[in-house]
Amino acid sequence: MNSSDMKSVVGKPLNRVDGHAKVTGAARYSAEFPVAKLVHGVTIQSTIASGKIAQIDTRAAERVPGVLLVMTHLNAPKVSGEAGGDRKLPLLQDNQVRYSGQHIGVVVADTFEHAMQAAALVNIRYDEEQPALHLKEHLDQAYVPQGKIPRDQPPDSAHGSVEQGLATAAVKVEQTYTTPIENHNPMEPHATTAVWQGDRLLLYDATQGVFGAKKKVAAVLGMPPENVRIMSYFVGGGFGCKGSTWAHVVLTAMAARQVNRPVKLVLGRMQMFGPVGFRPETMQQVSLGATREGNLTALRHAGTSITSTFDEFIEPVAKTARMIYACPHIETSHRLVRLNVGTPTYMRAPGEASGSFALESAMDELAYALKIDPIELRLRNYAEFDPDKKLPWSSKSLRECYQQGAARFGWQKRNPTPRSMRDGNTLIGWGMATATYPTNRSPASAIAQIKADGTAVVRSGSQDIGTGTYTVMTQIAADALGLPAEQIQFELGDTNLPETPVSGGSQTAASVGSAVHLAGTEARSKLLQLALMDQASPLYGATAEDVIAQNGRFLLKNKAANAETYGAILSRHGLKTIEARADAKPGEEKDKYSMHSFGAQFVEVRVNPDSGEVRVSRWVGAFGVGRLLNAKTANSQLIGGIVYGIGMALMEHTVMDPNRGRVVNADLAEYHVPVNADVPSIDVIFVDEQDPHVNPIGVKGIGEIGITGSAAAIANAVYHATGQRVRDLPLTLDKLL
Amino acid sequence: MKQVLESCLTATINGETVRIQAIAPTTTLLEYLRQSGRVGTKEGCGDGDCGACTVALMAQGADGKLHYQAVNSCLIPIGAIAGRHILTVEGIANGCLHPVQAAMVQTGGSQCGYCTPGFIMSLFAAYYDGTVNDACVEGNLCRCTGYLAIRRAASLVASSPVQDVFRDRLAQTATELGEVSYDGAQSQFYRPTQLSEVLALLQQHPNATLVAGATDLGLDFSHHRKSYPVLVSLEAVVELNFMHQTTEAVEIGAAVPLSHIEDRLRGVFPSLDEMLYWFAARQVRNRATLGGNIGTASPIGDLPPVLLALDAELKLASAVGERTLPLANFFKGYRQTDLQPGEVIVSCKIARTIAPGAVRRLSQSYKIGKRGTDDISIVAAAFCIDLDEQNQIVHARLAYGGVAATPVRAIVVEQWLLGKPWTAETIQQAKSHLKTAFTPLTDLRGSAEYRKLLIANLFEKFFVEYP
Ligand SMILES: Cc1cc2nc3c(=O)[nH]c(=O)nc-3n(C[C@H](O)[C@H](O)[C@H](O)COP(=O)(O)OP(=O)(O)OC[C@H]3O[C@@H](n4cnc5c(N)ncnc54)[C@H](O)[C@@H]3O)c2cc1C
Ligand code: FES
Ligand code: FES
């Protein structure tokens with residue numbers, strides 16, 4: 001039996017199934033659930049970056065009408081912020097201030113107004129200590145991290161000897177590149193509503209991982225995990241900051257238990273700069289050596305990034321350098337420097353986005369040093385297999401990406417000389433860079449249930465953070481079940497549903513999609529078996545291979561008149577439903593193949609020589625991402641990633657006050673994200689790619705590859721336009737005058 | 001003006017009459033909507049920066065007719081909606097999806113969906129104005145889509161406005177805003193209709209604060225959560241809501257929203273057109289006023305440089321009487337003005353005549369920010385040069401924002417330019433004077449050095465564009 005004979009729903013540019021709810025305002029986000037007797041929490045944040053709380057006076061706050069609780073380290077229940085893995089959370093357990101913006105108290109009141117009013121009246125005296133705030137001043141304290149970089153790789157790697165490779169090189173590029181702190185700024189602020197029912201806890205939380213939240217909260221509060229339920233039906237963007245469970249989530253639960261009422265706590269935009277992670281500042285040294293012909297003889301990528309004083313996060317900037325180019329001598333390393341900042345976290349393509357800025361800028365510098373076209377340089381060093389793992393690729397279409405992208409962009413018309421292309425007074429530059437992102441997959445489960453009325457419900461924990469999970473899972477389920485998409489209801493966002501991984505690392509489609517595919521296929525086979533063994537069925541006696549499933553019916557391939565609807569089979573057997581569960585997990589493919597998406601970014605910039613203003617005016621991105629589940633959502637994901645890259649290249653930069661570590665641009669007026677006018681026409685090419693190895697549904701992730709290579713492509717284009725090489729992001733106007 | 005304060009405000013939300021009671025008049029419309037269960041409208045910042053909270057306010061446009069105006073509900077004090085009609089994302093699907101909603105579904109303009117209600121309402125307002133284009137969503141941020149799918153949605157509906165109930169509703173005649181005197185949660189909100197009443201209220205309540213579009217003051221309500229015992233809204237005051245054009249001059253009432261100025265004066269002052277284009281975003285310009293922009297005395301206010309370069313003159317009024325004052329004498333120091341207690345900015349007058357002996361006028365403005373639109377200036381500049389038949393400079397105004405504690409003119413350089421020919425050589429010399437004319441600060445947006453460069457380079461850019 002198969003369904004490939006029928007028109008596949010997968011691959012169609014289906015409209016989002018949740019589109020209607022979103023355009024009418026009906027979609028409920030985590031702060032929007034009507035809960036009886038709800039009260040409101042706000043957190044108080046430290047205003048110094050290092051020291052101790054010498055005194056905290058809550059009396060005036062407690063006198064504000066409606067105030068139910070002012071929770072500080074003096075009266076907070078004892079919990080362990082380190083329990084349960086994930087992030088180490090400061091949870092009002094001591095008087096230590098570790099960074100500016102740390103939650104040092106929670107006020108709960110009958111209204112948000114009263115809680116805010118009371119929070120302002122809490123009087124705090126600190127014993128302030130000298131904070132460590134600047135990477136450059138503390139480089140001598142850089143250390144080798146204890147942890148691994150994703151997925152379970154050591155922080156350092158070496159193949160051959162870079163020193164030797166550099167010694168034989170005819171041309172060398174050795175440069176330092178820096179990237180600043182950046183904040184995710186999803187449009188929806190973090191929000192949690194905690195409801196206790198006896199010793200059970202229900203949390204509506206804006207999270208990228210309901211199961212991760214469940215485990216962390218249960219561990220910290222010392223509860224059996226089955227007593228914690230997390231719900232998250234719609235998440236207004238995440239990009240990584242909602243991938244971990246942060247302090248405010250647990251604090252809300254703690255406060256709700258104290259006041260014996262449901263508590264809602266929403267972080268203000270300003271409060272999202274510090275306590276919910278950020279892309280850490282990095283300093284990266286790249287050394288490249290090459291022969292005159294442009295063959296790499298050495299590649300070293302050494303990254304140092306910042307982490308907090310109490311937890312470790314490594315921005316894996318040098319991970320890409322391990323696998324992207326063929327080179328006999330490759331060394332990579334990751335070092336950390338502890339500063340008085342909140343703990344950094346994954347932000348859209350962590351490591352790949354920031355690391356590719358350095359590596360792909362350096363490749364451009366090398367191309368200029370060698371006077372070789374930058375695409376040609378990359379082709380000469382094309383990795384036919386993964387040089388680190390020494391494994392073949394499950395599929396790789398990077399060559400086609402370069403070719404098709406360059407053709408669409410008109411790359412051959414480029415005059416490589418800097419400042420050679422102009423439109424009147426305006427300088428024009430063309431730049432390119434390679435994009436890549438690994439294909440990840442984790443264990444995931446799903447249940448598919450076919451109902452007697454010919455519809456189906458498919459359930460899987462998971463979450464939709466805007467990536468289209470509801471939609472693509474509906475499509476996968478439709479094909480697996482042999483039903484039209486309209487007949488399928490896909491449910492997610494609840495830990496009472498089958499377990500799934502965090503929506504991070506672009507793995508949801510591959511992980512959850514595989515589970516949904518298997519569960520759907522299994523439910524359909526079970527149903528078919530009933531028919532094949534039932535004398536009353538027109539399909540009786542046939543084999544599964546003879547049957548196709550179409551629009552909720554089984555029919556014989558060569559005798560279409562012998563057909564039966566799903567509903568008819570179920571009712572004849574007196575069944576309301578038939579269901580199957582699948583627990584899908586990655587298999588041996590990951591030991592046999594190296595699995596990555598690849599792409600090529602082509603950019604045109606226009607630079608105003610009077611003011612240094614840079615505008616991106618044209619973009620072509622070509623990508624090989626395996627099978628496309630939905631061209632419409634895929635296109636948007638890649639464009640969204642590219643535009644995130646425009647922000648990273650030209651404007652995004654979180655600035656701390658140099659003495660106290662307070663973020664001075666903690667709002668959307670001063671922390672710039674791209675607006676519509678910053679976005680040029682963007683042409684996304686999907687290079688046709690079949691990957692039979694990667695997972696049962698042949699998909700590679702698409703959420704993150706779009707940003708990789710983006711910042712470098714822009715910086716390379718700016719160099720081409722102006723002759724100025726900016727190695728420090730963001731590329732703001734004053735760096736160009 | 002009613003002296004008895006009402007304890008209830010009435011407004012219409014999505015066609016339904018609502019009575020608002022016992023809440024402070026500074027409570028924002030967004031807070032009210034969300035607290036009353038209308039959670040379709042989103043809060044992304046509370047600062048006017050993201051547009052997630054955009055709703056449509058039915059209001060008189062520059063043409064005197066009713067329009068749907070996209071506004072940021074996070075910056076609107078609830079007092080300001082008394083007697084008005086608001087539409088939110090929940091109120092525009094009339095049985096089936098509104099065309100702008102359908103288009104957003106069709107093109108995938110909504111991903112996580114959190115920005116979507118705001119985009120929908122910006123598009124909705126533009127749809128009935130026939131102005132669905134890129135600019136109509138300039139005040140809406142989206143972190144997911146990269147905007148292109150939203151642009152495609154806009155282009156789908158751009159050319160097909162239909163006759164429907166929403167358009168029918170616009171055919172009603174616009175009624176003038178009525179008086180409001182409201183007291184809620186120990187704060188008072190007045191919306192008088194006569195200047196004399198404003199002046200009387202200011203006499204009665206020395207602690208009163210004037211509010212116009214609240215796009216600046218609104219941050220105090222929404223973000224800093226300051227409470228104001230007495231607010232006096234200028235929105236309905238007839239003497240502040242007029243525009244008067246003659247061949248000699250243009251006079252603009254202080255409470256006229258910037259979007260009206262944009263529409264009605266287009267083509268009159270190129271430098272004003274240009275600056276209004278770069279000024280904030282649609283939602284803000286629909287509410288922000290000229291009086292408010294001058295009243296904030298912000299060193300980075302964008303209109304003062306333009307008005308300084310055009311020698312604008314203010315009319316001020318208080319219970320004592322009226323006076324006029326050149327704008328150049330109005331700014332006294334960082335966020336300090338010559339405005340006396342009890343005094344109100346009534347209007348701003350700009351002459352259209354050029355200097356005696358001159359045969360042509362060159363005038364333009366420039367705003368440098370980091371983003372394509374919707375940005376705060378690093379430096380704003382406005383220039384006005386009058387030339388005689390010999391191409392000699394007979395009148396020069398070079399005004400800047402973002403380079404000192406107040407908006408300022410480069411008076412020394414202006415004087416130096418008089419009598420010089422309008423040539424590249426003169427510009428080069430002027431540039432070297434301009435580099436030392438001010439001592440700007442280094443801040444987040446740009447370094448002092450970069451600002452100095454801009455001060456000079458922008459003048460050269462002006463010359464290149466207007467040789
Ligand atoms: C997102 C955003 C973007 C912005 N972008 C820009 C920008 O690009 N350029 C720029 O210049 N500004 C910008 N602003 C600031 C603000 O919008 C402007 O200054 C606006 O003109 C203020 O007008 P308003 O009517 O809203 O003033 P309000 O907020 O109502 O009042 C501002 C101040 O002026 C006083 N005032 C108002 N009217 C009078 C009067 N008639 N007489 C005496 N005092 C008066 C008030 O008491 C108050 O102190 C922006 C604001 C936001 C929120
Ligand atoms: S909430 Fe962001 S503009 Fe109003
Ligand atoms: S769709 Fe997520 S912010 Fe626009």
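Predicted model: local features only at pLDDT ≥ 70, side-chain atom pairs only at ≥ 80, totals over all residues.
Residues are numbered from 1 along each chain as its sequence is written, while chains are lettered from A and ligands numbered from 1 in the order in which they are written.

I return to Asp86(A), which has a positive phi of about 55° although it is not a glycine. Asp86(A) is buried, with 20 other C-beta atoms within 10 Å; buried means 20 or more such atoms within that distance, exposed 12 or fewer, and partly exposed in between, with C-beta atoms placed from the backbone. Asn185(A), also not a glycine, has a positive phi near 45°. Asn185(A) is placed in the loop between strand 8 (171-179) and strand 9 (191-197) of chain A, and is buried, with 27 other C-beta atoms within 10 Å.

Next, a helix pair. Helix 5 (residues 210-221) and helix 6 (residues 247-259) of chain A pack at about 55°, with axes 11 Å apart. Axes here are lines fitted to C-alpha atoms, for helices over the stretch in contact, and angles run from 0 to 180 degrees between N-to-C directions. The two helices of chain A are therefore oblique to each other, a term for what remains once angles under 35 degrees are called roughly parallel, over 145 roughly antiparallel and 65 to 115 roughly perpendicular.

Which residues make the contact? Helix 5 of chain A contributes Ala213(A), Val217(A), Val220(A) and Leu221(A), and helix 6 of chain A contributes Val249(A), Val250(A) and Ala253(A). Residues are in contact if their C-beta atoms, placed from the backbone, lie within 7 Å.

I turn now to the two chains. In chain A, 57 residues are in contact with 60 residues of chain B. Helix 14 of chain A gives the most to the side of chain A that touches chain B, with seven residues.

One last point concerns the backbone. The peptide bond from Leu729(A) to Pro730(A) is cis, with omega near -10°, and Pro730(A) sits in the segment after helix 15 (710-722) of chain A.

Definitions and conventions: Helix = DSSP H or I, 4+ residues; strand = E, 2+ residues; numbered from the N terminus. Contact = placed C-beta atoms within 7 Å.
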